[in-house]
Amino acid sequence: MKFAQIKTAMIDNSELIITDLEITILNGLPTFEISGLNNYKGQQCFSRVRAALKNNGFTIPCGRIVCHLTRDIKNGEIRSLDLALAVAILLADRQITNVNHSMWFIIGQLSLSGKVLPVNGVFALSRDERIINCRWIIPFKNQAELKCEDYSDKYVVDNLNQAIEIIENKNIDKFMAEHTRSDPLKIKPEPIYELVGQPLAERALLIALAGRHPLLLIGSPGSGKTTLANQAVHYMPQLDPDKLDQVRRIYSMYGVWNEQIDQGIIRPYQAPHHTVTQMALIGGGHDLVPGLITYAHNGILFLDELSEFKPNILELLRQPLSEKTIELSRKNISVKYPADFLLIAATNPCPCGYRLENDQRCQCGAAEIKRFKRRLSGPIMDRFQISAIMNDLTQTDLIKTAENNLLPQTKINKIQQLIAKAQEMQSERCNAHKISFEYNGQIMIQMFVDFFAINIQALNHFNQITQHHLLSPRSYLALLRVARTIADLEQREEVSEAHLHEALLLRANPDIY
Ligand SMILES: [Zn+2]
């Protein structure tokens, strides 16, 4: 019997599918038949494999090649099967021998010349129990994603011939996979410049990061809004191992592996342009692929020029902002992706941008400003819990900014520590109340005043003197959340009136913009 069996894998509708690939060669006219997979896709896969085999000096078996996948594949990334199919055909046709009678798990795309190209999902596979007892062959280019306890019996290859050497037990030590860390020089992070002259905005950012409060930056052009948002991912403390694995899994499954994120140098950061499409932002399409909000999971989503985004696009952010996930569906399939990010947005206060400066530069008419404000009163404006006004830089600050001084690592470390300590307080509070951890900016509970340990006398006094601010219930609650985070940053058990006043100063105030 001419038969071979290999385990392989692919991503199908966001699920990691592991399947057996069986090949048998029967008498008859030379054809390729495949079951478990759309025939057209199957034939494409066979065409690539045939070319790669021929170009490497192998012969195509003369007969009916019948291929069976033990799992049905709907929309899977079929290219991941190429290398397994090529090896299985050679084994079934006895052109090569599985010397040790091992059970092989093989993934990899093939180019027509026989090069092995990378595939998606290797990080997730490296933690998968279903293939733990197999010997592995994976693309060399995916080696950084391989994170397992035991690297023995795992091999990485650049081309088809290397895979065959391994199966035939020749020179296999050359191809053993190892735990790799990329060369730190090669992944040198982009320089982060110091922001000068915006202490209020830096303070707002610190609080937003510590309690995960959505932050709106309002200011003149060139006041440093984007610089500040870029700094934010560096200030976030390193992810704990579980959360880092969540992020790695997403980045591996969808082929956007990022070494800086893998090594914990920065958090995920996505800054879509205001022309971003629905599919790019939240995900979707035929294969229900994730969008940028999922790539921002456990990190930051930065929307620059907020007023330019279409209201229907911003509307889409409501669900993830409250539920921390996004559900996508098409016909009768639906998938849920994580999307827990800190939202930071930036906007000018008027079309020209200079309305909040104490000079005559802003020439915008009342009607223009009114129209602009209407654009900003859109669907997610009530979600911002903090805002900061960023005025034009003074001349001295401009000169300092122009010097492009790098942000000192000591400052980054200090801010990371402050944030980590404040988040520890939040975690302890949740533990004490026997609820699972949530940030101050996101937690949904009854009895906020009790839970946040807000001093009642301070709150009553504060309420009396701030009555005229006419805060909506949502913005009042946001204010209590922010005050709690300010107290957490100071490691105070109780929220005092000073914390409430600072929160009021930083509230997202629709009268201004
Ligand atoms: Zn203006």
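This is a predicted model: local features need pLDDT of at least 70, side-chain atom pairs count only at pLDDT 80 or more; totals for chains, interfaces and linings use all residues.
Buried here means under 20% relative accessible area. Since Phe-32 belongs to strand β3 (residues 31-35) and Phe-46 to helix α1 (residues 39-55), the pair ties together parts that are 14 residues apart in sequence.

Tyr-254 and Tyr-337 go for another arrangement: the ring centres are 5.9 Å apart and the planes sit at 90°, so this pair is edge-to-face. It links distant parts of the chain, 83 residues apart, with Tyr-254 in the loop between α7 (241-253) and α8 (259-262) and Tyr-337 in strand β16 (residues 333-338). Tyr-254 is buried because its relative accessible area, 17%, falls under the 20% cut-off, and Tyr-337, at 6%, counts as buried too. The overall count is nine aromatic pairs, and ring pairs also join Phe-448, Phe-451 and Phe-452 into a cluster. Elsewhere, the charged end of Lys-154 sits over the Trp-136 ring, 4.7 Å from the ring centre.

Then there is the metal. The zinc ion is held by the SG atoms of Cys-350, Cys-352, Cys-362 and Cys-364, at 2.2 to 2.4 Å, and these donors are spaced C-x1-C-x9-C-x1-C along the chain. The angles between the four donor atoms run from 106 to 114°, so the arrangement is tetrahedral. Cys-350 is buried at 0% relative accessible area, whereas Cys-352 is partly exposed at 29%.

As for disulfides, a search of the whole structure turns up zero. Cys-45, for one, has its nearest cysteine sulfur, that of Cys-67, 7.8 Å away. Cys-45 is buried, with 4% relative accessibility.

Notes
Residues are numbered from 1 along each chain as its sequence is written. Side-chain values use heavy atoms; hydrogens and water are left out. Donors are N, O and S atoms within 2.8 Å of the metal (3.2 Å for Na, K and Ca); water is not among the atoms, so sites may look incomplete. Four donors count as tetrahedral if all angles lie between 85 and 135 degrees; four count as square planar and six as octahedral if opposite donors are over 155 degrees apart and all others between 65 and 115; anything else is irregular. Buried means under 20% relative accessible area, exposed over 50%, partly exposed in between (1.4 Å probe, protein chains only). A disulfide is a pair of cysteine sulfur atoms within 2.5 Å. Rings of Phe, Tyr and Trp (its six-membered ring) pair if their centres lie within 6.5 Å; planes under 30 degrees apart count as stacked, over 60 as edge-to-face and the rest as tilted. Helices (H or I, at least four residues) and strands (E, at least two) are DSSP runs, numbered from the N terminus. A charge sits over a ring if NZ of Lys or CZ of Arg is within 6 Å of the ring centre and within 35 degrees of the ring normal.
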